[in-house]
Amino acid sequence: MLKGLNIAFKDLKIESRAREIFISMVVFSLLILIIFSIAFSDLLSSASKTATVASGVLWICFIFAGTLGLNRTFATEVQNGCMDGLKMCPIPRNSIYLSKVIFVFLLMLLVEIITIPMFSVLFNYQFTAIIWVGIVILLGSFGFVVVGCLISALVIKARAGEMLLPVLLLPLSLPVIIPAVSATSGLLRGEDIFSLMSSIRLLVVYDFVFFAVSMLVFEYVVED
């Protein structure tokens, strides 16, 4: 755990200087928001109509920005030859996986912290039940990153690996995307939290199971 945190701190330190991945994620997310705000401009006068599209728009921003971040995370390590160095270090290989999960998850959170207020401004929408919405977004983002880091490590050395990542990632992450979008949509439409607990429980179970499985199989995924 500590070794994974140290590697994640190294990645965050490098990214804080270069800001290559983070800026591209933020710009991509804001671009999607602007396009949708123009496309749905007829709905912006009605809060109820905006609430029906809000969940879909937000999760499209999060997923595509997250995929962009996942694409670059392992690619940067391979291009610089750091991946071979990490594999030769006397540390459990799943520490490398844990570090990438922490790194991409934190980047996604920062992008979401910027995206949500921008959505509120562009769509003239006031969020309700923001704490529960935040919890659902945290759970959904974690599940998406957990799957994404494993797939990213799997395809990184493949020909056209950057093209393969979204092709494999999007279908495999559907079990977390569907309940996350469903729960977010229900909360934004003002539904009672207890009626959405089945979706939230599904998110928790999916996050736990896939994280445990990924930690177990990662060393075989990056094996030479």
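**Exercise 1. Leu 196**

Classify Leu 196 as buried or exposed from its relative accessibility, and state where it is found.

*Solution.* Step 1: Leu 196 has 5% relative accessibility and therefore counts as buried. The classes are buried (under 20% relative accessible area), exposed (over 50%) and partly exposed (in between), with a 1.4 Å probe and protein chains only. The model is predicted, so local features need pLDDT of at least 70 and side-chain atom pairs count only at pLDDT 80 or more, while totals for chains, interfaces and linings use all residues. Residues are numbered from 1 along each chain as its sequence is written, and side-chain values use heavy atoms, with hydrogens and water left out.

Step 1: The residue is found in the loop between α8 and α9. Helices are DSSP runs (H or I, at least four residues), as strands are (E, at least two), numbered from the N terminus.

Step 2: Not counting residues up to four places away in sequence, Leu 196 touches Ser 182, Ala 183, Gly 186, Leu 187 and Glu 191; contact means heavy atoms within 4.5 Å. Gly 186 is 10 residues from Leu 196 along the chain, with 7.1 Å between their C-alpha atoms.

**Exercise 2. The nonpolar core**

Give the number of residues in the largest nonpolar core, and identify the helix that supplies the largest share of this core.

*Solution.* Step 1: The largest nonpolar core has 64 residues, and Phe 62, Phe 119, Cys 149 and Phe 218 have the most contacts inside it. Such a core is a set of buried Ala, Val, Leu, Ile, Met, Phe, Trp, Tyr and Cys residues joined through side-chain atoms within 4.5 Å.

Step 1: At least two core residues come from each of α2 (20-39), α3 (47-79), α4 (82-88), α5 (93-122), α6 (130-155), α7 (161-172), α8 (174-188) and α9 (197-221). The largest share, 13 residues, comes from α6.

Step 2: Setting aside neighbours within four places in sequence, Phe 218 is in contact with Phe 74, Met 83, Arg 93, Asn 94, Ile 96, Tyr 97, Leu 150 and Ala 153.

**Exercise 3. Two helix pairs**

Describe how α1 is placed against α5 and how α3 is placed against α6.

*Solution.* Step 1: Two packed helices are described by the angle between their axes and the distance between the axes. Axes are lines fitted to C-alpha atoms, for helices over the stretch in contact, and angles run from 0 to 180 degrees between N-to-C directions.

Step 1: The axes of α1 (residues 2-18) and α5 cross at roughly 45° and come within 8 Å. α1 is therefore oblique to α5; angles under 35 degrees count as roughly parallel, over 145 as roughly antiparallel, 65 to 115 as roughly perpendicular, and the rest as oblique.

Step 2: The crossing of α1 with α5 is right-handed. A crossing is right-handed if the near helix is turned clockwise from the far one by less than a right angle, and left-handed if anticlockwise. Residues of α1 including Leu 5, Ala 8 and Leu 12 meet residues of α5, among them Ser 99, Ile 102 and Leu 106.

Step 3: For α3 and α6, the axes come within 10 Å and cross at roughly 35°. This crossing is also right-handed. Its contact residues include Trp 59, Phe 62 and Gly 66 of α3, and Gly 140, Phe 144 and Cys 149 of α6.
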